[in-house]
Amino acid sequence: MTSTEGYKPESGLAAEIEVEAYHRLFPLQYYERHLAESVRPDSRALGRARDTTIALGPVTSADGSALVKIGDTTVLAAIKLEVMTPSIDSPDVGSVAVDFQMPPICSPVVRPGRPAEVAPVIAKQLSDVIMSSGMINLQELSLISGKAAWMAYLDIYCLNADGSLFDAALLSATAAFSHLQIPLVSLSDDGKLITVSEELKDKAAVEPVNKENRKLTIAVAPFSLTCIVHGKYILADPTSEEESVMDTHVTVVLDSKERLVSLYKAGGAVLLHTSVVKDCIVLAKQRMEELSEILRESLSAMEVD
Amino acid sequence: MATGTLGTYSPSQSLERRHQQQKRTDFQEVDWARSDGRNFHQCRPAFLRTGAASSASGSAYAEFGSTKVIVSVFGPRESKKAMLYSDVGRLNCHVTYTTFSTPIRGQGFEHKEYSSMLHKALEGAIMLETFPKTTVDIFALVLESGGGDLPVIISCASLAIADAGIMMYDLVSAVSLSCFGKNMVIDPTSEEEACQDGSLMITYMPSRNEVTQFTLTGEWPTARINEAMELCLDACSKLADILRSCLKDNASELTA
């Protein structure tokens with residue numbers, strides 16, 4: 001079946017080159033031999049995700065921002081608030097516009113003339129999840145009922161693509177909303193809203209419109225886990241290499257109250273049994289607890305400063 | 001879904017304009033304090049790190065004050081099929097801004113002028129004969145624009161190219177300088193840049209004592225140009241030392 005069965009190389013370097021060549025020529029068998037030992041090439045257990053870190057507020061020109069690293073996948077989310085006039089049938093509701101972009105720096109397959117195919121798919125998925133999970137109460141984004149409300153532009157940039165892009169993007173969006181600081185605004189003479197800066201706050205004659213409402217309350221936060229299913233194995237949090245070799249992905253999104261927000265399985269060679277789906281949900285639940293702990297720690301680290 | 005796309009405006013617009021008018025009168029005086037407490041001939045502290053993006057051949061992240069730039073280098077890789085054969089390698093530079101890099105949200109756009117200036121600045125320093133028929137792609141993404149963007153992009157790009165192992169004659173460092181009447185201010189922030197009378201940017205290879213790019217714009221009293229050049233060249237050599245020590249630290253981390 002494989003060329004390396006009968007051949008035993010002597011020195012360490014030759015053995016390394018053999019492994020590398022096997023990896024390149026027969027990637028699927030390379031992974032299957034690892035899976036048979038219940039381990040992955042980067043020595044993770046099958047159900048374990050990579051190390052995750054969250055850094056809040058890296059971009060000072062945005063009203064809220066977060067940088068998330070899951071293993072090598074790096075995603076930066078930033079929110080900028082602008083004022084809009086709300087629609088007539090919902091006069092005291094703000095709005096959120098979600099955009100996910102993969103600039104050419106993130107991966108060798110993305111070129112300036114040829115944008116990545118997955119970017120709009122992930123953007124749509126993200127905006128569906130954020131709207132339907134009830135993370136944000138849009139009424140908190142309202143300023144003057146019927147006249148002015150906040151439009152939150154959430155822009156997510158992938159800085160390095162190494163698998164699990166949706167997970168990292170959702171986590172960065174949640175972290176950016178938790179970090180968001182709404183600026184104080186007051187009504188100027190010509191009917192527009194302008195920001196009140198710190199020096200003018202005391203001596204200005206104008207009253208700030210939104211003195212009480214500086215941070216958004218995040219009632220429930222959604223967390224997701226992407227898994228790959230191959231034969232009878234479930235691999236959590238795949239790298240981009242694993243994603244390219246095995247094509248059946250399942251994304252489970254749970255919120256912090258352990259309710260299922262979204263389940264997404266788009267085609268793929270393997271058809272799932274309900275038992276496999278249940279196992280994926282259990283893995284997602286563990287991941288949700290890990291992630292909410294990490295998010296809570298980084299938020300409290302910000303409070304201390 | 002997005003109901004107000006036509007009519008959104010940023011609330012901080014009119015306040016900024018009022019501030020700028022104030023500042024314009026301030027800058028004409030002889031002595032004024034810079035917003036971040038530096039004196040006129042002091043550059044911003046630089047934070048540099050290589051290896052920011054693992055999927056690229058080489059990458060670097062630079063943070064000068066509030067200007068944050070990430071640069072990835074891919075290559076040498078196959079040129080596009082449409083390109084004719086060439087004996088020397090090709091460079092393809094691309095500078096993009098994120099939508100949240102400026103205080104007022106803009107569209108994420110490619111800055112064509114900066115892309116071509118970056119190309120000119122690096123062309124002279126890279127040994128193009130070492131990779132014929134192939135292209136090296138250099139992509140820069142400006143995460144936050146706090147003034148003096150192009151010099152930071154150039155310095156960060158030369159660090160990324162060195163990280164990718166592409167042969168260069170020397171590391172390239174760039175510094176810009178603003179002129180306000182009689183005063184000269186090095187490494188300006190974006191508020192200072194907005195009210196400047198003239199600007200000078202030099203891209204320099206210190207070990208070979210060669211300038212790869214020299215850009216002078218605006219109103220300059222002739223006597224000051226020489227002095228401005230000396231200041232810039234000095235700052236460039238110091239910056240190149242910092243770039244070099246960053247590369248050395250990274251290399252020692254890998255072997256350790």
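Visitor: Happy to be here! In which strand of chain B is the place of Pro76(B)?

Guide: Welcome! Keep in mind as we go that this model is predicted. Pro76(B) lies on chain B, in a strand that covers residues 67–78. That strand is β3.

Visitor: And is the peptide bond from Gly75(B) to Pro76(B) cis or trans?

Guide: Omega is the angle to look at for this bond. From Gly75(B) to Pro76(B) omega is near -5 degrees. The peptide bond is cis.

Visitor: Let's go on to the loops of chain B. Is Lys133(B) buried or exposed?

Guide: Lys133(B) belongs to the loop between α2 (112–123) and β5 (134–144). Its phi is near 65 degrees, a positive value in a residue other than glycine. The relative accessibility of Lys133(B) is 52%, and the cut-off for exposed is over 50%, so Lys133(B) counts as exposed.

Visitor: What is phi of Asn209(B), and where is that residue found?

Guide: Asn209(B) is found in the loop between β8 (198–205) and β9 (210–218) of chain B. At 56% relative accessibility, Asn209(B) counts as exposed. Phi is positive here, in a residue other than glycine, with a value near 55 degrees.

Visitor: Which residues does Glu129(B) touch, not counting residues up to four places away in sequence?

Guide: Glu129(B) sits in the loop between α2 and β5 of chain B, and at 48% relative accessibility it counts as partly exposed. Its C-alpha atom is separated by 22 Å from that of Ser115(B), 14 residues apart along the chain. With residues up to four places away left out, Glu129(B) touches Val88(B) and Tyr169(B).

Visitor: Now the rings, please. How many aromatic pairs does the structure hold?

Guide: The count runs over all chains, and it comes to 6.

Visitor: Are the rings of Tyr22(A) and Phe26(A) stacked, tilted or edge-to-face?

Guide: Tyr22(A) is buried, with a relative accessible area of 9%, while Phe26(A) is partly exposed at 27%. The ring centres of Tyr22(A) and Phe26(A) are 5.7 Å apart, with planes at 55 degrees. Planes under 30 degrees apart would count as stacked and over 60 as edge-to-face, so this pair is tilted.

Visitor: What kind of aromatic pair do Tyr30(A) and Tyr31(A) form?

Guide: Tyr30(A) counts as buried at 12% relative accessibility, and Tyr31(A) counts as buried at 4%. Their rings are 5.7 Å centre to centre, with 85 degrees between the planes. The pair is edge-to-face.

Visitor: Is the crossing left-handed or right-handed?

Guide: Where the helices meet, the residues of α3(A) include Val118(A), Ile122(A) and Leu126(A). Among those they meet in α4(A) are Leu165(A), Phe166(A) and Ala169(A). The crossing of α3(A) past α4(A) is right-handed.

Key
Residues are numbered from 1 along each chain as its sequence is written. Chains are lettered from A and ligands numbered from 1 in the order in which they are written. This is a predicted model: local features need pLDDT of at least 70, side-chain atom pairs count only at pLDDT 80 or more; totals for chains, interfaces and linings use all residues. Side-chain values use heavy atoms; hydrogens and water are left out. Rings of Phe, Tyr and Trp (its six-membered ring) pair if their centres lie within 6.5 Å; planes under 30 degrees apart count as stacked, over 60 as edge-to-face and the rest as tilted. Buried means under 20% relative accessible area, exposed over 50%, partly exposed in between (1.4 Å probe, protein chains only). A crossing is left-handed if the near helix is turned anticlockwise from the far one by less than a right angle, and right-handed if clockwise. Helices (H or I, at least four residues) and strands (E, at least two) are DSSP runs, numbered from the N terminus. Contact means heavy atoms within 4.5 Å.
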